[in-house]
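Please examine the structure shown below, together with its sequence. The paragraphs that follow lead through it step by step.

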Protein chains: 2
Amino acid sequence: LWARPQVQGKVVTFPKYVCVYHELLQEHFKRTMEFSPAEMAAIVPYYKEKKVAKGAYLLQQGQICQLEGFVVEGCFKISTIDDKGLEKVLYFAARDWWVMDIDSFANRTASNLDIQALEDSTILYISEQDKEKLYQEVPKVERLFRIIYQKAIVAWQRRLMRNQTMNAEERYHYFITTYPEINELVTNKLIASYLGITQEFLSMIRKRRSTKRN
Amino acid sequence: LWARPQVQGKVVTFPKYVCVYHELLQEHFKRTMEFSPAEMAAIVPYYKEKKVAKGAYLLQQGQICQLEGFVVEGCFKISTIDDKGLEKVLYFAARDWWVMDIDSFANRTASNLDIQALEDSTILYISEQDKEKLYQEVPKVERLFRIIYQKAIVAWQRRLMRNQTMNAEERYHYFITTYPEINELVTNKLIASYLGITQEFLSMIRKRRSTKRN
DNA sequence: TTCATTATTTAAACTAGTTTAAGAGCGTTG
DNA sequence: CAACGCTCTTAAACTAGTTTAAATAATGAA
């Protein structure tokens, strides 16, 4: 689990031993743009490791989101409680996803969201202050996150379009084929909430689908 | 309508006379971060003016979105046609909004969206190539758009949450109180599509609301 | 102006999805 | 072991929103 981080076959010098979890983050960044080993060595130590036990909260409503987290192990649900007391899941964050309330993080306002670990999880995170320092120290990181955020907009727009054009069964089918690992992990109640339907109706859809296939 | 652009009382030297429309864009940028007159003078000329007649398309499905547009006059609808042949409005872009298919623009892929002017409109736009040049020439623009895109994510997330927690009537109420100018301008059919309901059901909601108030 | 087209409303029949209630299954804890 | 809490399912009654169809109002082109 622990190793000297390598980039393109060469050992990179970090302040001290760094978990291989950081390589996941490096790979994530490199999928967006190129970085020299030196640049990576400047960026990656800003991200600290944090373990979150199953059921523990990374953020609760009313708090200010202090960190931008990158999931390297486990899974989180990001949800809110509406006025009728019902939990509405905004999204799930598994490995290689970002986990945060970007609104609360960027604007330092009280969050409406709960972020809870669905299993024992590990994130790499950066605080708002450190993120700002990182932008100053490695200006290329502005570009990195400009592109990462750009992709995020695309993802949210597409999700909204799917919600407008697909019915519940189609959305369920999309969900389980696109995120099979998350489907395995989380309860149907949470999936229903994510899809914007009741657990009872999801149960009906599942029955219809299973009988149709036989 | 035309004037020498000024920043903080001082006349700024542009390559040539520039429409005051550019001041709207400058104000927009300055709401996100500070720029010196010199910086502004380097950025703003990248944005060209384009008039779009009522009913004309800025983009049609299958094309690649070649521009990132900023609306200075008029209004656009951004929509798609689903498999059942129904038009689904993704959003409206009035003055001070960005208008583009960010997915198609950034990834140079065929767009699923139509962008049509709902009245005679004017935009300031930048091409993908020029945007890249602008990032190179004024690196601060990376930060500018990193923050602009960050805000956009927040807006899309909030919209999705509203869709999950509000029913059609609540969404309609939110729409007409938040965007009264757009409500005045566009047809109920388009508003219904934006809200994700049929025009007939919107008509019922409107009736309920008007009788309830008397 | 006139004609055609499209937006809006109304209403009745319908359907997708909710609500309420109850029972079965299952892991956890005292 | 029993008791508890939780998830999942089933089913009946219900409601939010759709569909179809027709009438009217508004708009735009000739």
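This is a predicted model: local features need pLDDT of at least 70, side-chain atom pairs count only at pLDDT 80 or more; totals for chains, interfaces and linings use all residues.

**A sheet, a contact and a DNA strand**

In chain B, strand E8 (residues 75-81) and E9(B) pair in the antiparallel sense, and 7 bridges connect them. One pair of residues shows this pairing directly: the bridge partner of Thr80(B) is Lys88(B) in E9(B).

Which strands form the open sheet of chain B, and in what order? There are 4 strands, arranged as E6-E11-E8-E9, and their pairing is antiparallel. At the edges of this sheet lie strand E6 (57-59) and strand E9 (87-94) of chain B, each of which pairs on one side only. From one strand to the next, the twist averages 25°. As a general point, side chains in a regular strand alternate between the two faces of the sheet.

Two helices lie across E8 and E9 of chain B. One of them comes from the other protein chain: helix H5 (residues 140-165) of chain A lies across these strands and runs at about 135° to E9(B). The other is H8(B), which also lies across E8 and E9 of chain B, at about 105° to E9(B).

The contact between the two chains can be considered next. It takes 26 residues from chain B and 26 residues from chain A. On the side of chain B that touches chain A, at least two residues each are supplied by E9, H3 and helix H5 (140-165) of chain B. Which element gives the most to this side? It is H5(B), with 17 residues.

Attention may now turn to chain A and to its strand E5 (residues 67-73). This strand is mostly covered, since 6 of its 7 residues are buried. E5(A) pairs in the antiparallel sense with strand E10 (residues 121-127) of chain A, over 6 bridges. Within this pairing, Val71(A) stands opposite Ile123(A) in E10(A). E5(A) is also joined by 2 bridges to strand E8 (residues 98-99) of chain A, and these two strands run antiparallel. Here Gly69(A) stands opposite Val99(A) in E8(A).

Phi of Arg108(A) is near 50°, a positive value in a residue other than glycine. Arg108(A) is found in the loop between helix H3 (102-107) and strand E9 (114-117) of chain A. Is Arg108(A) buried or exposed? Arg108(A) is exposed, because it has 11 other C-beta atoms within 10 Å, and a residue counts as exposed if that number is 12 or fewer. In chain B, phi of Arg108(B) is likewise near 50°. Arg108(B) is placed in the loop between helix H3 (102-107) and strand E11 (114-117) of chain B, and it counts as exposed because it has 11 C-beta neighbours inside 10 Å.

Finally, DNA strand C is surrounded by 16 residues, the closest being Ile197(A), Phe201(A), Thr187(B), Asn188(B) and Ser203(B). The elements that give two or more residues to this surface are helix H6 (168-178) and helix H9 (199-212) of chain A, together with helix H8 (188-195) and helix H9 (199-212) of chain B. The largest share, 6 residues, comes from H9(B). The residues of the surface near DNA strand C divide into 4 nonpolar, 6 polar and 6 charged.

Notes. Residues are numbered from 1 along each chain as its sequence is written. Chains are lettered from A and ligands numbered from 1 in the order in which they are written. A residue is buried if 20 or more other C-beta atoms lie within 10 Å of its own, exposed if 12 or fewer, and partly exposed in between; C-beta atoms are placed from the backbone. Two strands pair if DSSP finds at least two bridges between them. A residue is near a molecule or strand if its C-beta atom, placed from the backbone, lies within 6 Å of it. Ala, Val, Leu, Ile, Met, Phe, Trp, Tyr, Cys and Pro count as nonpolar, Asp, Glu, Lys and Arg as charged, and the others, Gly among them, as polar. Axes are lines fitted to C-alpha atoms, for helices over the stretch in contact, and angles run from 0 to 180 degrees between N-to-C directions. Two residues are in contact if their C-beta atoms, placed from the backbone, lie within 7 Å.
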